[in-house]
Amino acid sequence: MSLSNAEEQLMQILWKLDKAFMKELIEAYPEPKPATTTVATLLKRMQDKGFIDYVQYGRSREYFPLVKKNKYFSKQVNGMIKNFFNDSAAQFASFFTQETDLTQQELEELKKLIDERLKSQK
């Protein structure tokens with residue numbers, strides 16, 4: 001299951017804060033700040049999807065992520081590779097390196113990462 005853009009923006013804030021009350025979440029938004037009711041609706045939907053949970057302290061709730069950022073990102077990238085690149089990581093890599101403005105240094109860093117990964121799989 002994935003998050004809407006608004007939910008993903010809120011999830012990014014929660015990943016950064018690790019845990020937070022509603023007031024802290026709203027404060028972390030850039031201007032213009034969303035309404036409390038909007039954030040409450042997003043939190044409820046995210047909880048229903050199993051992305052977050054909370055601990056109740058009196059009338060306040062402290063929210064925390066149940067899904068790790070790298071796990072979510074990995075699923076999103078793998079889904080994109082499957083849906084847009086015929087489930088081919090090579091096609092994705094080709095598109096990524098040709099259609100983005102990577103510098104020579106960035107390309108060499110990518111090559112180094114790939115070489116290290118290849119060595120570790122031997």
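Let me start with a definition: helices here are DSSP runs of H or I with at least four residues, strands are runs of E with at least two, and both are numbered from the N terminus. With that in hand, hello everyone.

What we have is a predicted model, where local features need pLDDT of at least 70, side-chain atom pairs count only at pLDDT 80 or more, and totals for chains, interfaces and linings use all residues. Residues are numbered from 1 along each chain as its sequence is written, and side-chain values use heavy atoms, with hydrogens and water left out.

Let's begin with helix α4. It covers residues 69–84, which is 16 residues. From first C-alpha to last, α4 reaches 22 Å, close to the 22 Å expected at 1.5 Å a residue; that expected span is 1.5 Å times one less than the number of residues. After α4 comes Asn-86, with a positive phi near 50 degrees.

Now for the sheet. Strands of a sheet pair through backbone hydrogen bonds, either parallel or antiparallel. Ours is an open sheet of three strands in the order β1-β3-β2, and the pairing is antiparallel; two strands pair if DSSP finds at least two bridges between them. β1 (20–21) and β2 (52–57) are at the edges with a single partner strand each, so one side of each has no neighbour in the sheet. Between β1 and β3 (residues 60–65) there are two bridges, and Tyr-63 in β3 is the bridge partner of Ala-20.

Which strands does helix α1 touch? Helix α1 (residues 5–17) packs on the sheet and touches β1, β2 and β3, where contact means heavy atoms within 4.5 Å.

Finally, the aromatic rings. The whole structure has seven aromatic pairs. Rings of Phe, Tyr and Trp (its six-membered ring) pair if their centres lie within 6.5 Å; planes under 30 degrees apart count as stacked, over 60 as edge-to-face, and the rest as tilted. Phe-85 and Phe-95 have ring centres 5.4 Å apart and planes at 50 degrees, so that pair is tilted. Phe-85 sits in the loop between α4 and α5 (89–99), while Phe-95 is in helix α5, ten residues apart.

Are these two buried or exposed? Phe-85 is buried at 12% relative accessible area, and Phe-95 is partly exposed at 44%. Buried means under 20%, exposed over 50%, and partly exposed in between (1.4 Å probe, protein chains only).

To finish, ring pairs link Phe-85, Phe-92, Phe-95 and Phe-96 into a cluster.

Conventions:
Axes fitted to C-alpha atoms, helices over the stretch in contact; angles between N-to-C directions.
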